Amino acid sequence: MENKKLGFQTRAIHTGNEIDKDTNAIKRPITMANSYALPYDPTDINWSGANKNLYTRNGGSNQQYLQEKIASLENTEDCIVLASGVAALSGLFFALLKSGDHIIFSSVTYIAVYRLFNELLNNKFNIQTSIVDTSNLEAISDAIRYNTKLIHIETPGNPTLSISDIKAIAKIAHSNNALLSVDNTLASPYNQRPLELGADFCIESLTKYINGHGDSMGGSISGKKEYLDIIRKESQINLGGVISPFNAWLIMRGAVTLPLRMKKHNENAIKIAEYLEKLECVSFVSYPGLKNHKSYEIAISQMENGFGGVLAFGLKTNHDTHNLFISYLQLITSAVSLGHDESLIVFLGENDERQYLYPKEFHNGFFRFSVGLEDVEDLIDDINQALEKIALLKK
Ligand SMILES: Cc1ncc(COP(=O)(O)O)c(C=O)c1O
């Protein structure tokens, strides 16, 4: 059957998996070898080639199977999987950019992107950078320079859940000879597929929804083979941020249930967002599925199946009481990361170095809440009992 014609759930299960020819096992095994036997005369081998039968940093079986699956879910021709989401992001930037290039990136991005562009690539490698509120198309057009090579956006953006219009930004990028990369981690390919909307690269932290169980790390870059071949050679093979076969195997297994899990994350998160919104003690809720989100219409237009499991909210209280609230939660765990089976919450206090870039409501400290797959009534009960203990909710 033609792969592209199969549904998303079917591809999540089947793509990249086949009956193992050696053992007849119905799941492909983990190949933990880091090296492969050479032919009789190896002189013609390209030692820097992306060949899975040479050396695992050049390409191993398990990473190749996972690449097939992710490329299929992102609906594109090629994918590279690396050791983490940050390895994928830096792999893309190091392969694509050279000294003297200009890049525009969202004012709301994962912190490593902020640091890469604001501290490392600009200062050490002379990459010119503009930080732009990419929910504002005019601001992007105004920031374009003759040497703009790349626009990098994250939508929804971590941690404020800002939304950027992928289709419109792809048009701006392409009419100015620039490329567009989209960090799709908070949406996952089940909810949003940036490459279908005109982006050139789609990045996922596989550590999050695609693995989904909080037990491994990985990252992917998906897009056209012509660019990915360069990234594979320059960043995977020569920078070396390769994923372990075991992690690739775990993520492959997690990805099988991505659509089922995302449906539940979407359902739970909208219910929690609507619940929090009604509470007197909540100062604000940011979730792209709420009608009062500034970019709700854009979110609806580009997020096909829902808005993901991450939301941000604040309490009408002080720094210490925010921490106290978290300490009273019994089911919801205080930890970084997101997209796991279990609910995770993190208090982002007032010292975030990127806070000057966020809207005012985020300046007094706020929570990033990754709503998990638990029964939503239990999550609401947990929030209520913690609010009662800090006297923000009457019994
Ligand atoms: C949007 C986004 N991109 C990238 C990353 C980095 O991924 P990793 O932790 O797998 O390196 C994260 C991590 O939280 C993230 O939230």
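## Helix H10 against helix H13

In H10, Asn268, Lys271, Ile272 and Tyr275 meet Val376, Leu379 and Ile380 of H13 (contact: C-beta atoms, placed from the backbone, within 7 Å). This contact divides into 5 nonpolar residues, 1 polar and 1 charged. Nonpolar covers Ala, Val, Leu, Ile, Met, Phe, Trp, Tyr, Cys and Pro; charged covers Asp, Glu, Lys and Arg; the others, Gly among them, are polar.

H10 spans residues 258-278 and H13 residues 376-389. Helices (H or I, at least four residues) and strands (E, at least two) are DSSP runs, numbered from the N terminus. The two helices pack at about 35 degrees, with axes 10 Å apart. Axes are lines fitted to C-alpha atoms, for helices over the stretch in contact; angles run from 0 to 180 degrees between N-to-C directions.

## Model basis

The model is predicted: local features need pLDDT of at least 70, side-chain atom pairs 80 or more, while totals for chains, interfaces and linings use all residues. Residue numbers start from 1 along each chain as its sequence is written.

## The sheet

Seven strands form an open sheet with mixed pairing, ordered S1-S7-S6-S5-S4-S2-S3 (pairing: at least two DSSP bridges). S1 (78-82) and S3 (128-132) are the edge strands. S4 (148-154) and S5 (179-183) run parallel over 5 bridges. Leu150 has Leu179 in S5 as its bridge partner.

Helix H6 (166-175) lies across S4 and S5, at about 150 degrees to S5.

## Ligand shell

The ligand has 13 residues around it; Ser84, Gly85, Val86, Ser205 and Thr207 come nearest (near: C-beta atom, placed from the backbone, within 6 Å). The shell holds 4 nonpolar, 7 polar and 2 charged residues.

Methods: Two residues are in contact if their C-beta atoms, placed from the backbone, lie within 7 Å.
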